[in-house]
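This report goes through a two-chain model from the whole chains down to single residues. The sequence and the structure come first, and the description follows.

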Amino acid sequence: MGLPISQILLATGFALVLTGFWGILKHRNILRIIIGFSLVDTGLHIVMVATGYITGGTAPIVDEALSIADGAARSVDPIPSALVVTAIVIGFSVTAVMLSFAIVLFQATKTLSIDRLTEQKW
Amino acid sequence: MSRVFNLLVLVAFGFVFAGLIGAYDERQILSALAIRYLTEVPEGLGAPNVVTGILISFRGFDTLGEVAVLFMVAASVGTLLGGKEKNAAVSAAPANVGRRPPSELVRNGAEVVLPLIFLFGAYVIMNGHLSAGGGFQGGAVVASGVMLYMLAYPRGGINHDVLSITESLAGVVYVTIGILGIVFAGGFLDSAILPRGEFGTFISAGAIPIISALLGIKVGAELSVIIDRFRS
């Protein structure tokens, strides 16, 4: 293991964010832009969880591997994981609202390309 | 020209992120708040899963806000997409004739896998306080099972009224349990209104399993309604 685990996770998360940014900038189809937003969300969630990692720590669940006594000594930070659970649900909600807007736009203007949308008025 | 611009933006962000990654030192010790949560949740609340304990009792108010956000999203999607139901029913009838039915693989696979998915979702919901899982996670699994049902049986109807009533009832009971926490125990959404029980058994950790189950029901019903609105 060359790199520390948290740096590998951070690199993965930021790579996903960059891929999402590229998708948002390059594509003209609304649905692909929305996928780009979803990728940025996922990448940032991975980054947030990665900042909670303690070297040599294990999951914050008390079972056979981790007793109550060394729970505070050997486990990773549970707070970023709890925050990311909320963030995932909110990311899903934002994606759902974006997709419904895309559907309503398509029904009104019969096109999914954002180039057309700047010229037409409803 | 715009491709060069895109590439420049990406390279700039890449430099910023690379700087962040390079300067990041892996943490060696826990913060004081994390240590308090890690000792309080197994001993004070009696729940082995620290993350679920944080989400449901110590940060329970954030969870209530998240429940409100989910409700708002269900309402928004219903407003944006639901009003066209009557027009869509008339205009979609000729379009459906040319559509291919789902393949045998999807149909037969769904018949085998759907009960297992729902069972797994219920397991993840109910076991949230003992091992990895919880209300939101299990609710998302149940909603993905509903999505498979919609893919395999495109004509199959989902009863919106039943799901909406279920989800609203779950939300109301959740807030009621929170208010019971004020009356009987330390504060809003305190899980000590029920006895702590033996550590690690199914019925333990106070009101956390009940709150977890309510969250799972609410999230599952809500996501199913949202997904169903997207069906043309």
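How many residues of chain B are in contact with chain A, and how many of chain A with chain B? In this predicted model, 42 residues of chain B are in contact with 39 residues of chain A. On the side of chain B that touches chain A, at least two residues each are supplied by helix H1 (2–23), helix H2 (32–45), helix H3 (50–58) and helix H4 (60–82) of chain B, and the largest share, nine residues, comes from H4(B). By class, the residues on that side of chain B divide into 28 nonpolar, eight polar and six charged.

**The two chains**

Chain B has nine helices and zero strands, and its pattern along the sequence reads α-α-α-α-α-α-α-α-α. The radius of gyration of chain B is 23 Å, well over the 17 Å that the globule rule gives for 232 residues, so chain B is more spread out than a compact globule.

|---|---|---|---|
| Chain A | about 65 × 30 × 15 Å | 26% of 122 residues | 56% of contacts |

In soluble globular proteins, nonpolar side chains tend to be buried together. Here the largest nonpolar core has 52 residues, and the members that touch the most other members are B:Tyr37, B:Val41, B:Val50, B:Ile54, B:Ile208, B:Ile211 and B:Ile226. Two or more residues are given to this core by helix H4 (78–109) of chain A and, from chain B, by H2, H3, H4, helix H6 (104–126), H7, helix H8 (160–184) and H9. The most comes from H9(B), which gives 10 residues. Another core, of six residues, lies apart from the largest one and has A:Leu10, A:Phe14, A:Phe21 and A:Ala50 among its members.

Which residues does B:Val50 contact, once neighbours within four places in sequence are left aside? From chain A they are A:Pro60, A:Ile61 and A:Pro78, and from chain B they are B:Tyr37, B:Leu38 and B:Val41. B:Val50 belongs to H3(B), whose buried residues also include B:Ile54 and B:Phe58; H3(B) is mostly covered, with nine of its nine residues buried. These buried residues pack against H4 of chain A and against H2, H4 and H9 of chain B.

The loop between H2 and H3 of chain B holds B:Asn49. This residue is buried, because 28 other C-beta atoms lie within 10 Å and the cut-off for a buried residue is 20 or more. Not counting residues up to four places away in sequence, B:Asn49 touches A:Ile61 as well as B:Gly128, B:His129, B:Leu130, B:Ser131 and B:Ala132. B:Asn49 and B:Gly128 are 79 residues apart in sequence, while their C-alpha atoms are 7.3 Å apart in space.

**A helix pair in chain B**

Two packed helices are described by the angle between their axes and the distance between the axes. For helix H7 (residues 135–152) and helix H9 (residues 208–229) of chain B, the angle is about 35° and the axes are 7 Å apart, and the crossing of H7(B) with H9(B) is right-handed. The contact includes B:Gly135, B:Gly138, B:Gly139 and B:Val142 of H7(B), and B:Gly216, B:Val219, B:Gly220 and B:Asp228 of H9(B). In all, the contact of H7(B) with H9(B) has 11 nonpolar, seven polar and one charged residues.

**A loop residue of chain A**

Is A:Lys110 buried or exposed? A:Lys110 counts as exposed, because it has 9 C-beta neighbours inside 10 Å, and its place is in the loop between H4 and helix H5 (114–117) of chain A. The phi angle of A:Lys110 is near 60°, a positive value in a residue other than glycine.

Technical notes
Residues numbered from 1 in each chain as written. Chains lettered and ligands numbered in written order. Predicted model: local features only at pLDDT ≥ 70, side-chain atom pairs only at ≥ 80, totals over all residues. Contact = placed C-beta atoms within 7 Å. Helix = DSSP H or I, 4+ residues; strand = E, 2+ residues; numbered from the N terminus. Nonpolar A, V, L, I, M, F, W, Y, C, P; charged D, E, K, R; others polar. Axes fitted to C-alpha atoms, helices over the stretch in contact; angles between N-to-C directions. Left-handed = near helix turned anticlockwise from the far one by under 90°. Core = buried A, V, L, I, M, F, W, Y, C linked by C-beta atoms within 7 Å. Buried ≥ 20, exposed ≤ 12 C-beta atoms within 10 Å, placed from the backbone. Rg over C-alpha atoms; globule rule 2.2 N^0.38 Å.
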